[in-house]
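Colleague: I would like a close look at one part of this model, the charged side chains and the sheet beside some of them. Please take it step by step, for someone new to reading structures.

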Amino acid sequence: MAVASLSICFSARPHLLLRNFSPRPKFVAMAAMSEDPIREWILTEGKATQITKIGSVGGGCINLASHYQTDAGSFFVKTNRSIGPAMFEGEALGLEAMYETRTIRVPKPHKAGELPTGGSYIIMEFIDFGGSRGNQAELGRKLAEMHKAGKTSKGFGFEVDNTIGSTPQINTWSSDWIEFYGEKRLGYQLKLARDQYGDSAIYQKGHTLIQNMAPLFENVVIEPCLLHGDLWSGNIAYDKNNEPVILDPACYYGHNEADFGMSWCAGFGESFYNAYFKVMPKQAGYEKRRDLYLLYHYLNHYNLFGSGYRSSAMSIIDDYLRMLKA
């Protein structure tokens with residue numbers, strides 16, 4: 001399984017406790033009993049009797065990625081020597097949630113834990129990627145099927161907070177999407193911009209938008225859908241059968257349209273959207289809301305990479321304030 005390269009549009013990993021995957025005491029115990037918990041898992045629960053080759057997988061800048069070849073098949077392993085296990089535990093939780101929908105292909109997570117010398121690891125299914133960028137119509141259809149299948153009765157949010165890039169993503173459950181998106185997504189990013197850059201202008205205008213954006217959602221039925229959360233080209237691949245694969249998620253349950261928020265960095269074409277909306281029909285006002293979901297990611301890029309993204313974020317805010325006469 002290849003690792004997405006880190007670029008100006010990039011993905012990082014969720015970071016809080018993985019629930020329903022493996023409890024923390026088990027990770028600690030394994031780290032204590034073995035100098036190499038990765039090898040130990042592969043040779044026990046991974047059902048291998050020997051590891052025949054370990055190779056580096058290029059492309060990543062945050063974590064070290066390796067391909068473990070064994071007599072029981074291949075495994076993809078990421079390690080980070082400076083960040084504790086919560087990051088990879090969270091990544092595994094998002095992967096597991098998407099995997100359980102049995103729709104679009106994602107690498108199945110096997111084990112996440114702590115390295116005895118410090119840092120952490122995650123072991124997952126190895127997927128041999130093809131060279132083609134694949135079929136966008138199939139990607140659109142499969143993503144829509146995941147959104148349709150991935151439901152929850154808990155509301156909007158996720159089991160844990162996670163990260164979008166290296167920025168915290170707050171996922172406290174809410175029954176109101178407009179409130180959740182306004183406070184936990186746009187509001188959080190605006191506060192970061194004010195605190196980091198002293199940018200009171202974008203903070204104040206952004207909050208005026210939040211307070212007046214409800215009309216954009218009139219006559220829309222919003223059900224919580226499982227979202228990938230960080231769907232850009234580096235987190236999309238295709239396997240040897242040309243089937244789409246998505247990876248490195250920042251999952252939460254939200255409005256399905258929010259998963260198009262990185263479309264400016266994903267290259268989605270007409271065939272993608274046509275196939276998607278055949279499964280998940282387009283709702284009234286979609287075109288008017290589209291830039292609202294781009295705004296979250298432009299703000300995040302502003303906070304991560306600096307002022308080069310400020311003008312794009314401010315332009316969206318100003319356009320909405322004019323549209324809404326706010």
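Is E287 buried, partly exposed or exposed, by its relative accessible area? Please go on from there to the other salt bridges and to the sheet.

Modeller: This is a predicted model. E287 is partly exposed, because its relative accessible area is 42%, which lies between the limits of 20% and 50%. The side chain of E287 meets that of K282 in a salt bridge, with 3.2 Å from N to O. K282 is likewise partly exposed, at a relative accessible area of 44%. Elsewhere, salt bridges with shared partners join K78, E91 and D248 into one network.

Side chains of opposite charge can pair when their charged atoms come close. The count of salt bridges in the model is 19. One of them is formed by K78 and E91, whose closest N and O atoms are 2.8 Å apart. This pair links distant parts of the chain: K78 sits in strand β3 (residues 73–80) and E91 in helix α3 (residues 86–99), 13 residues apart. K78 has a relative accessible area of 2%, so it counts as buried, the limit being under 20%. E91 is buried too, with a relative accessible area of 0%.

Another salt bridge joins D195 and K191, at 2.7 Å from N to O. Both residues belong to helix α5 (residues 177–197), and because they are four residues apart there, about one helical turn separates them. D195 is partly exposed, with a relative accessible area of 46%. K191 also counts as partly exposed, at 40% relative accessibility.

Now to the sheet, which contains the strand of K78. The sheet is open and has five strands in the order β1-β2-β3-β5-β4, with antiparallel pairing. At its edges are β1 (51–56) and β4 (109–114), each of which pairs on one side only. On average, neighbouring strands are turned by 20 degrees against each other, direction ignored.

Strands of a sheet pair through backbone hydrogen bonds, either parallel or antiparallel. Here β1 and strand β2 (residues 64–70) run antiparallel and are joined by five bridges. K53 has Q69 as its bridge partner in β2. Helix α3 packs on the sheet, where it touches β3, β4 and β5 (120–125). The direction of α3 makes about 20 degrees with that of β5.

Terms used. Residues numbered from 1 in each chain as written. Predicted model: local features only at pLDDT ≥ 70, side-chain atom pairs only at ≥ 80, totals over all residues. Heavy atoms only, no water. Salt bridge = Lys/Arg side-chain N within 4 Å of Asp/Glu carboxyl O. Helix = DSSP H or I, 4+ residues; strand = E, 2+ residues; numbered from the N terminus. Buried < 20%, exposed > 50% of the residue type's maximum accessible area, 1.4 Å probe, protein only. Pairing = 2+ DSSP bridges. Axes fitted to C-alpha atoms, helices over the stretch in contact; angles between N-to-C directions. Contact = heavy atoms within 4.5 Å.
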